[in-house]
Amino acid sequence: MASSNINTEGINYEGKIRRNLSPSQLYEDALRYEPGTAISSSGALIAESGKKTGRSPKDKRVVEEASTVDDVWWGPVNKKLSEESFAINYERAADYLNTRERLYVFDGFAGWDPKYRIKVRVVCARAYHALFMNNMLIRPTAEELENFGEPDFTIVNAGQFPANKFTKGMTSSTSVSISFERKQMVILGTEYAGEMKKGVFTVMHYLMPKAGVLSLHSSCNEGPAGDVSLFFGLSGTGKTTLSADPQRPLIGDDEHVWTESGVFNIEGGCYAKTIDLSAEKEPEIFNAIRFGSVLENVIYDRNTRVVDYTDKTITENTRCAYPIEYIPNAKIPCVGGNPKNIVLLTCDAFGVLPPVAKLTPAQAMYHFISGYTAKIAGTEEGVTEPEATFSACFGQPFLVWHPVKYAQMLAQKMQEHNVNVWLVNTGWNGGAYGIGKRISLKYSRAIIDAIHSGELEQAEYTNYGVFNLQIPTAVPNVPAKVLDPSQAWEGSPEEFQETIGKLARLFQSNFKEYADKATPEIIAAGPQL
């Protein structure tokens, strides 16, 4: 227990504070006081997040303050909230927490590099939330806790209590709001723990560029020679799967910062999807689900406590949070040198993007800003054919600055360190979804292996029209026909041209939003019809 006083205004901690408890103590409290909590057969704590089983991006707000108003990319991602409304939400959260019999406080760090890390304090009323953040933040040593002092940022989680819908700026009973000036985040009306994780990332996504270093929504691993690779990709593109490589230690699976000396992971743990999880497909994640881990919203056998990972009764977004050291080849501390390769992952359900292409610096910027992937039929209600999805910088919901700022910083880093950038499509080949086939995982792994061995850097390339991409003529263990989508296409040439034209126009239409701040060179690096 740290000696520093807790100074979170308006919250009464006398006599009921449960501070920096061990996982064992948090298990005991969760089982005793929180309905729906159990211990799985492998030892993980099973918890329920209530009505909300995913993030609520439409309810996220950033306070409009004189000190930050000119920095923030205002719009659909960062919606403005007045200082007065934030104060009302804070007071509402404090009032609720003051009625609780127990309050949990967890103090941890965001960022493995001591030069850039921030001290984060979590104040909440659920043991499950405290254990979740114990896993996701970096756990201080006893000495670091003793000298923790005041936090740089505080999360006040009163998620069991709703926001007042009549408070100006509220659109529902859920509110997730951040004040950079007050260094606080307030959560009302959602008990989904992932809001805290992504709240910390949003804060780092603001503070790190301000400090001159680049925050990235990416996974990261390191080869035997110390060569670091960054993997960007939206949900379903293979970011976690392809960065999990037994030959390459994992630095982190989701959030990183690139500094003057290399990269560091922001987090102390991983937050993995568990739907359809199996020991055969993803042994590292499967075996990390043990004592200390938190399983969310899963269905399990009431007698054996064995979890059924195929059951989507509560949600398709079942997840597990565990400390990063539960992954056998995690690199601790989670830091590495300057990246040698950057992989932009996309799952193209139109079947026209190549399995791999080497990008020029301008193309790298264009595709990074675009952040393209495709939803497929069946993933969401109403999606009956492939649907293009663009998420700037492969993480639009968490951006604070304009996407071009992150892209320009990335361009500078790439130039300084002569980094190779690759576009890797893990989606369809031979035709669009429903006609073609998903590119085999073994081919995608062979492509990543060829990037890491240096073979692809030395390969012969040919130009791939419309998107003007350089594609290799051969990759070990990948059929040549697969490498060129126009050759793999099983329909007519006219259908191919029509489909690639459709996707190109979607790219062009999406990029209009960023064109005013992008250079002519970046704009020209997109598809040309």
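**Close-up 1. Helix α8 against helix α14.** Tyr 366, His 367, Ile 369 and Ser 370 of α8 meet Phe 507, Gln 508, Asn 510 and Phe 511 of α14. Sorted by class, the residues of this contact are four nonpolar and four polar, with no charged ones. Like every view in this set, this one comes from a predicted model. The α14 helix covers residues 493–511, and its axis comes within 10 Å of that of α8, crossing at roughly 80°. Angles from 65 to 115 degrees count as roughly perpendicular, and so α8 and α14 are described as roughly perpendicular to each other.

**Close-up 2. Helix α8 against helix α9.** Stay with α8 (residues 361–370) and turn to α9 (residues 403–417): here the two helices pack at an angle of about 150°, and their axes are 10 Å apart. Because angles over 145 degrees count as roughly antiparallel, α8 and α9 are roughly antiparallel to each other. The crossing of α8 past α9 is right-handed. On the α8 side, the residues that meet α9 are Pro 361, Ala 364, Met 365, Phe 368 and Ile 369; on the α9 side, they are Val 404, Tyr 406, Ala 407, Leu 410, Ala 411 and Met 414. What classes of residue make up the contact of α8 with α9? There are 11 nonpolar residues, with no polar and no charged ones.

**Close-up 3. Gln 408 on helix α9.** Gln 408 also lies in α9. Is Gln 408 buried or partly exposed? Its relative accessibility is 46%, so Gln 408 counts as partly exposed. For a sense of how the chain folds back, pair Gln 408 with Ala 518: these two are 110 residues apart in sequence, while their C-alpha atoms are 9.2 Å apart in space.

Close-up 4. Ser 215 sits in strand β11, which runs over residues 214–216. With a relative accessibility of 1%, Ser 215 counts as buried, because the cut-off for that label is under 20%. Which side chain does the side chain of Ser 215 join in a polar contact of 2.6 Å? The partner is His 205. Beyond the neighbours within four places in sequence, the residues in contact with Ser 215 are Met 204, His 205, Met 208, Pro 209, His 256, Val 257 and Tyr 406.

**Close-up 5. Helix α3 against helix α5.** Helix α3 (residues 127–136) packs on helix α5 (residues 194–210) at an angle of about 40°, with 9 Å between their axes. The two are therefore oblique to each other, and their crossing is right-handed. His 129, Phe 132, Met 133 and Met 136 come from α3, and they meet Gly 194, Met 196, Lys 197 and Val 200 from α5. This contact divides into five nonpolar residues, two polar and one charged.

**Close-up 6. Lys 119 in strand β7.** Lys 119 is found in β7, residues 118–124. A relative accessible area of 23% makes Lys 119 partly exposed. Setting aside residues up to four places away in sequence, Lys 119 touches Gly 108, Phe 109, Phe 148, Gly 149, Glu 150, Pro 151, Asp 152 and Phe 153. Gly 36 is 83 residues from Lys 119 in sequence and 32 Å away in space, C-alpha to C-alpha.

Methods
Residues are numbered from 1 along each chain as its sequence is written. This is a predicted model: local features need pLDDT of at least 70, side-chain atom pairs count only at pLDDT 80 or more; totals for chains, interfaces and linings use all residues. Side-chain values use heavy atoms; hydrogens and water are left out. Helices (H or I, at least four residues) and strands (E, at least two) are DSSP runs, numbered from the N terminus. Buried means under 20% relative accessible area, exposed over 50%, partly exposed in between (1.4 Å probe, protein chains only). A polar contact is a pair of N or O atoms within 3.5 Å; within protein, one must be able to donate a hydrogen and the other to accept it, and residues adjacent in sequence count only if both atoms are side-chain atoms. Contact means heavy atoms within 4.5 Å. Axes are lines fitted to C-alpha atoms, for helices over the stretch in contact, and angles run from 0 to 180 degrees between N-to-C directions. Angles under 35 degrees count as roughly parallel, over 145 as roughly antiparallel, 65 to 115 as roughly perpendicular and the rest as oblique. A crossing is left-handed if the near helix is turned anticlockwise from the far one by less than a right angle, and right-handed if clockwise. Ala, Val, Leu, Ile, Met, Phe, Trp, Tyr, Cys and Pro count as nonpolar, Asp, Glu, Lys and Arg as charged, and the others, Gly among them, as polar.
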